[in-house]
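Hi everyone, thanks for coming.

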Amino acid sequence: MNISTTPAAKAENSISSRLTASLTALTLGLIILFAVGFVQGANDVIHDAAHDTRHTMVFPCH
Amino acid sequence: MILRTLLIAALVAGTLSGIALTAIQQLQVTPLIVEAETYESTTDHAHGSHAADTSSADTDDQRLLLSLLSNILAGIGFSLVVASAITLSSQKGWRKGLLWGAAGFLVFFAAPALGLPPKLPGTAGAPLLDQQLWWISTAAATAVGIALLVFSRPIALKGIGIFVLLIPHIAGAPLPEQAQGLAPEPLLQQFIIASTITNAIFWLLLGLLVGHFLRKLDDTSPK
């Protein structure tokens, strides 16, 4: 008795789960990138750690 | 299931491209950054922690390790963004992945670099927050512009796409009051070329790997 077994329901289910998964991954990715590329951190600790990455990838560094 | 596939593909592709980036960076880019730091005076605020003393092997090892770590994180972050775009548009496989990698290069490197070119340590810049806001707006506008240009059918929408692409550059990047760097011009030119090549390789590899692993995992995962 699975209600999502008709092809139409399956397709709809797949589109919405694809959307949810994509948006989740996108959000997670942007959070990671914000940390690597933009956060300075107390005493510039994150800036210093990611320093060469920021210079190489044209994240504004200072 | 889809999210798991996305996360695994991004994790593997991001880690591999982050490692590759580190290797190219060590050969092409880091030596130029280190050389530029020798021009920074010790009173300069920016990079006291490693500008003053990069000669000891310990500091070099630590610097390499931290760069590897942040490169891998950047790789995973960018891979997540690309994996989500590929999944939304249902364009898996390494060939399509290469195109997505090229788009990533334009969005996250080329377009921001047009206004805020790669900088060596010791180069003057506008206030950091202004630069960061312009960088983020430019990347966002470029992503929207390319998407409209590539995916929309009506010619009017494509026209709007081109306009959106141009907005950040018409508005202009925040510039320093006086554009002056401590490092000599030839070193800066060399750095711009080296970082452009490095990013191009990084992005094409990243796109290729994300596209490949998304398809591979999709084929093997139980439906």
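**How the helices of chain B pack**

So, let's start with a crossing: H1(B) and H4(B) cross in a right-handed way. Please keep in mind that this is a predicted model. The axes of this pair come within 6 Å and cross at roughly 140 degrees. What do we call an arrangement like that for H1(B) and H4(B)? Angles over 145 degrees count as roughly antiparallel, and H1(B) and H4(B) are therefore oblique to each other. And who sits in that contact?

Let me step back for a second and show you the whole chain. Chain B has eight helices and zero strands. If you read from the N terminus, the elements go α-α-α-α-α-α-α-α. There are 223 residues in chain B, and 45% of them count as buried. Now take the contacts in chain B between residues at least 6 apart in sequence: 80% of those join residues at least 24 apart.

H1(B) covers residues 2-28, which is 27 residues, and it reaches 38 Å from its first C-alpha to its last. That is close to the 39 Å expected at 1.5 Å a residue. Which residues in H1(B) are buried? Among them are B:Thr5, B:Leu6, B:Ala9, B:Ala10, B:Ala13, B:Gly14, B:Ser17 and B:Gly18. Further along, B:Leu21, B:Thr22, B:Ile24 and B:Gln25 are buried too.

Let's zoom in on a residue of H4(B), B:Ile72. Is B:Ile72 buried or exposed? Its relative accessible area is 18%, so B:Ile72 is buried; the cut-off for buried is under 20%. B:Ile72 and B:Gly14 are 58 residues apart in sequence, and yet their C-alpha atoms are 6.2 Å apart in space. If you leave aside neighbours within four places in sequence, B:Ile72 is in contact with B:Gly14, B:Thr15, B:Gly18 and B:Ile19.

Another residue in helix H4 of chain B is B:Ser84. B:Ser84 has 3% relative accessibility, so it counts as buried. What does B:Ser84 contact, again leaving aside neighbours within four places in sequence? One partner is B:Leu6, and the others are in chain A: A:Ser22, A:Ala25 and A:Leu26.

Just after H4(B) comes B:Ser90, with a positive phi of about 50 degrees. B:Ser90 sits in the loop between H4 and helix H5 (94-115) of chain B. B:Ser90 counts as partly exposed because its relative accessibility is 42%. Over in chain A, A:Asp44 also has a positive phi, near 60 degrees, in a residue other than glycine. You'll find A:Asp44 in the loop between helix H1 (7-37) and helix H2 (45-49) of chain A. With a relative accessible area of 30%, A:Asp44 is partly exposed.

Okay, next pair. The axes of H5(B) and helix H6 (residues 128-151) of chain B come within 9 Å and cross at roughly 135 degrees. That makes H5(B) oblique to H6(B), and the crossing is right-handed. On the H5(B) side, the contact residues include B:Trp100, B:Phe108 and B:Pro112, while H6(B) brings in, among others, B:Trp134, B:Trp135 and B:Phe151. By class, this contact has twelve nonpolar residues, three polar and no charged.

Last pair, I promise. Helix H2 (residues 30-37) of chain B packs with helix H8 (residues 185-220) of chain B at about 150 degrees, and their axes are 10 Å apart. That makes H2(B) roughly antiparallel to H8(B). H2(B) passes H8(B) in a left-handed crossing. From H2(B) we have B:Leu32, B:Ile33, B:Glu35 and B:Ala36, and they meet B:Leu187, B:Gln190, B:Phe191 and B:Ala194 in H8(B). Sorted by class, that contact has six nonpolar residues, one polar and one charged.

Methods
Residues are numbered from 1 along each chain as its sequence is written. Chains are lettered from A and ligands numbered from 1 in the order in which they are written. This is a predicted model: local features need pLDDT of at least 70, side-chain atom pairs count only at pLDDT 80 or more; totals for chains, interfaces and linings use all residues. Side-chain values use heavy atoms; hydrogens and water are left out. Axes are lines fitted to C-alpha atoms, for helices over the stretch in contact, and angles run from 0 to 180 degrees between N-to-C directions. Helices (H or I, at least four residues) and strands (E, at least two) are DSSP runs, numbered from the N terminus. Angles under 35 degrees count as roughly parallel, over 145 as roughly antiparallel, 65 to 115 as roughly perpendicular and the rest as oblique. A crossing is left-handed if the near helix is turned anticlockwise from the far one by less than a right angle, and right-handed if clockwise. Contact means heavy atoms within 4.5 Å. Ala, Val, Leu, Ile, Met, Phe, Trp, Tyr, Cys and Pro count as nonpolar, Asp, Glu, Lys and Arg as charged, and the others, Gly among them, as polar. The expected span of a helix is 1.5 Å times one less than its number of residues. Buried means under 20% relative accessible area, exposed over 50%, partly exposed in between (1.4 Å probe, protein chains only).
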